[in-house]
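Here is a short note to read beside the structure. Please keep the sequence and the 3D view open while going through the points.

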Number of protein chains: 2
Amino acid sequence: MLLLTPHDTQLGSNLSAMLDQVQQRFSAELLSDTACVNNLVDHVERYRGKMLRPTLVIVSAMAAGEREDLGELRGPVLTVAAVCEMVHMATLVHDDVLDDAQVRRRGATINQLRGNETAVMLGDYLISHAYHLCSSIGRTDISRAVAHATNTVCEGELLQLSNRHNLDLEERVYFEIIRRKTAALCGLCCELPVRLRHPGAEANGDQRLAQSLFAYGEKLGIAFQIVDDILDLSGDEHTVGKSVARDLAKGKLTLPVIRHLQQADTAEREVVAGLLARAAEEGLDDSAAQQIAHTVADRVTDSGAMDYARQWARRLVDQATEEVLSAIKPSPARDLMQAMAGAVIDRRF
Amino acid sequence: MLLLTPHDTQLGSNLSAMLDQVQQRFSAELLSDTACVNNLVDHVERYRGKMLRPTLVIVSAMAAGEREDLGELRGPVLTVAAVCEMVHMATLVHDDVLDDAQVRRRGATINQLRGNETAVMLGDYLISHAYHLCSSIGRTDISRAVAHATNTVCEGELLQLSNRHNLDLEERVYFEIIRRKTAALCGLCCELPVRLRHPGAEANGDQRLAQSLFAYGEKLGIAFQIVDDILDLSGDEHTVGKSVARDLAKGKLTLPVIRHLQQADTAEREVVAGLLARAAEEGLDDSAAQQIAHTVADRVTDSGAMDYARQWARRLVDQATEEVLSAIKPSPARDLMQAMAGAVIDRRF
């Protein structure tokens with residue numbers, strides 16, 4: 001995402017400086033008096049990549065507040081940006097346990113290096129510190145909004161787990177899963193800066209602005225997850241930079257596969273069901289899983305279901321863009337929000 | 001613990017009614033709009049046993065406030081009691097994943113029934129709702145204190161994980177581990193009611209009372225964990241009601257074993273090291289692990305190291321009792337705090 005904001009623009013250099021401060025808050029919060037904890041946190045900090053969520057917080061704050069230095073909201077905005085990144089990191093660490101993933105950002109995952117037990121506890125440490133840092137803002141309505149979003153994320157993950165190997169999974173349920181597990185946090189990121197301007201429930205006139213920013217983040221998040229799911233099915237580890245074919249290995253049906261199964265005749269359904277069963281076999285190695293995924297991806301592409309999923313992502317990005325265009329005055333920050341939405345579609349990793 | 005509070009005393013019937021309300025707040029908070037989540041929560045609610053932590057909150061509030069109906073603090077006290085129980089339940093669910101435990105409160109664990117992935121996410125759901133419920137009190141200092149305690153719990157667990165199979169683990173580090181992973185939350189339970197009386201940092205004259213109550217809970221918590229570790233080594237699943245011999249299976253050294261190894265000659269150290277290595281072998285079944293644990297327990301008893309651990313627990317319970325006697329005026333609630341400390345030593349499950 002940072003590629004979109006060249007340092008030679010005022011907006012780009014402001015954003016870059018603020019993301020550095022978010023990183024500092026992130027690291028300062030996680031510092032422990034025990035060396036073993038600090039070593040683990042150092043490893044997690046290497047996962048940091050696009051910083052999509054802090055960027056959403058900061059850019060939404062700029063666009064909604066119509067000033068690029070954020071004024072007196074600068075402190076709290078940077079803190080909630082660090083909180084959202086910490087929540088996201090916690091979900092990555094626990095997701096890698098759930099997915100048996102071995103590679104993340106081209107390095108070994110915590111579960112691969114140190115075992116599932118340590119990864120579970122490190123994720124807990126991150127989520128605990130996210131709430132701890134959030135409480136430093138001194139606003140229980142903000143703490144409550146963050147906790148509400150994490151409640152929703154967990155429900156999405158549990159809903160997905162309860163639908164593993166369900167070949168009849170409906171599109172409607174798939175969208176509900178990703179709305180909760182991915183998009184709820186992106187929506188929160190965009191909405192929090194407006195909430196920060198008004199203590200308690202006194203949002204008043206800004207209610208509509210908060211709703212539009214939430215909708216932008218939510219739609220962008222759903223599109224992001226659809227593209228993520230496409231990359232898991234059809235990408236390779238080298239390009240994507242993390243373990244792929246994990247959805248099939250874990251029996252998670254995603255949009256292209258759901259659509260393909262819906263449209264397929266009985267014979268094709270049986271072929272794909274057989275491939276999915278093989279991909280989910282215990283002890284299958286990564287390259288075998290990836291090979292099966294690519295076979296499935298080819299069939300899904302031929303039937304048009306891959307394009308169908310991409311069209312969904314594109315439609316959601318268009319809707320996200322409309323939300324900001326209708327609710328926010330023109331500014332370089334608003335332009336960046338549009339560009340970020342577009343980048344979700346074009347990403348290859 | 002409830003055995004200590006017969007319903008025919010005023011205190012006992014007050015406490016019992018309030019614990020019912022804590023249960024109601026607990027269940028109401030966890031209600032989801034997805035059936036799969038509610039099914040999991042129903043299962044977790046069966047884990048509820050002694051309700052030690054909510055009892056600590058309520059009885060500390062009674063003893064510190066010198067009134068058994070809790071007055072205007074009743075609402076917030078019952079809410080933080082539910083929060084502390086929810087945090088505790090989350091740690092149980094994740095602990096069972098860490099320990100590969102199959103039995104809890106005489107029933108199957110979530111990880112045993114539904115797999116590690118679901119158990120990890122359900123623990124996350126519980127912890128997220130704990131913070132969500134806590135924010136409803138409208139006091140960021142209370143949210144911060146709870147998050148600080150959970151930071152500490154995670155550090156304790158990570159410190160323990162980083163010392164697995166460390167035969168040279170020092171007593172000092174063992175105490176540091178259990179102070180963090182178990183006692184920090186018990187200390188918080190006892191201290192929170194005093195904090196609730198004073199918004200922000202204005203504890204003033206109650207500072208000493210809050211410190212004494214924290215110390216009572218912390219010392220009781222350390223003693224509780226020592227006894228838990230003794231039961232894991234020497235108890236059987238039927239009596240204890242949960243999987244035993246998990247510490248040895250997971251390479252966790254506890255006080256009786258640490259003391260025994262410290263005192264042993266080279267030959268005895270080698271024998272015990274051999275037993276510990278066998279107990280931690282992959283794929284060992286539960287009864288074999290328990291048999292090894294009992295062999296170790298016999299040697300540890302013969303050397304006096306088991307008594308040494310019990311004496312530590314007794315000394316901490318005595319210190320906990322002194323804390324409340326010195327800081328709190330005589331009352332039935334104070335008597336109950338003393339009795340609860342004593343019960344930690346005598347428990348067999």
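**Notes on a predicted model**

1. Start with one residue. B:Q290 is buried, because 24 other C-beta atoms lie within 10 Å and 20 or more are enough to count a residue as buried. Note that this is a predicted model, so every value here is computed from predicted coordinates.

2. Where does B:Q290 have its place? B:Q290 sits in helix α14 of chain B, a helix that covers residues 286-302.

3. Which residues does B:Q290 touch, leaving out those up to four places away in sequence? The residues are B:D236, B:V244 and B:A245. As for B:D232, 58 residues separate it from B:Q290 in sequence, while the C-alpha to C-alpha distance in space is 9.1 Å.

4. Now take a whole chain. Chain A contains 16 helices and 2 strands. Of its 349 residues, 53% are buried. Among the contacts in chain A with a separation of 6 or more, 75% are between residues 24 or more positions apart.

5. On overall dimensions, the C-alpha trace of chain A spans about 60 × 50 × 40 Å along its principal axes. The radius of gyration of chain A is 20 Å, which agrees with the value near 20 Å for a compact globule of 349 residues.

6. Next, the two chains together. How many residues of chain B are in contact with chain A? The number is 38, and they meet 38 residues of chain A. The elements of chain B that give two or more residues to this side are α2 (35-45), α4 (74-98), α6 (116-135) and α7 (140-162). By type, the residues on the side of chain B that touches chain A are 16 nonpolar, 16 polar and 6 charged.

7. Finally, how the copies are arranged. In general, two copies of a chain are related by a rotation about an axis and a shift along it.

Note on methods:
Residues are numbered from 1 along each chain as its sequence is written. Chains are lettered from A and ligands numbered from 1 in the order in which they are written. This is a predicted model: local features need pLDDT of at least 70, side-chain atom pairs count only at pLDDT 80 or more; totals for chains, interfaces and linings use all residues. Two residues are in contact if their C-beta atoms, placed from the backbone, lie within 7 Å. Helices (H or I, at least four residues) and strands (E, at least two) are DSSP runs, numbered from the N terminus. Ala, Val, Leu, Ile, Met, Phe, Trp, Tyr, Cys and Pro count as nonpolar, Asp, Glu, Lys and Arg as charged, and the others, Gly among them, as polar. The radius of gyration is taken over C-alpha atoms; the globule rule is 2.2 Å times the number of residues to the power 0.38. A residue is buried if 20 or more other C-beta atoms lie within 10 Å of its own, exposed if 12 or fewer, and partly exposed in between; C-beta atoms are placed from the backbone.
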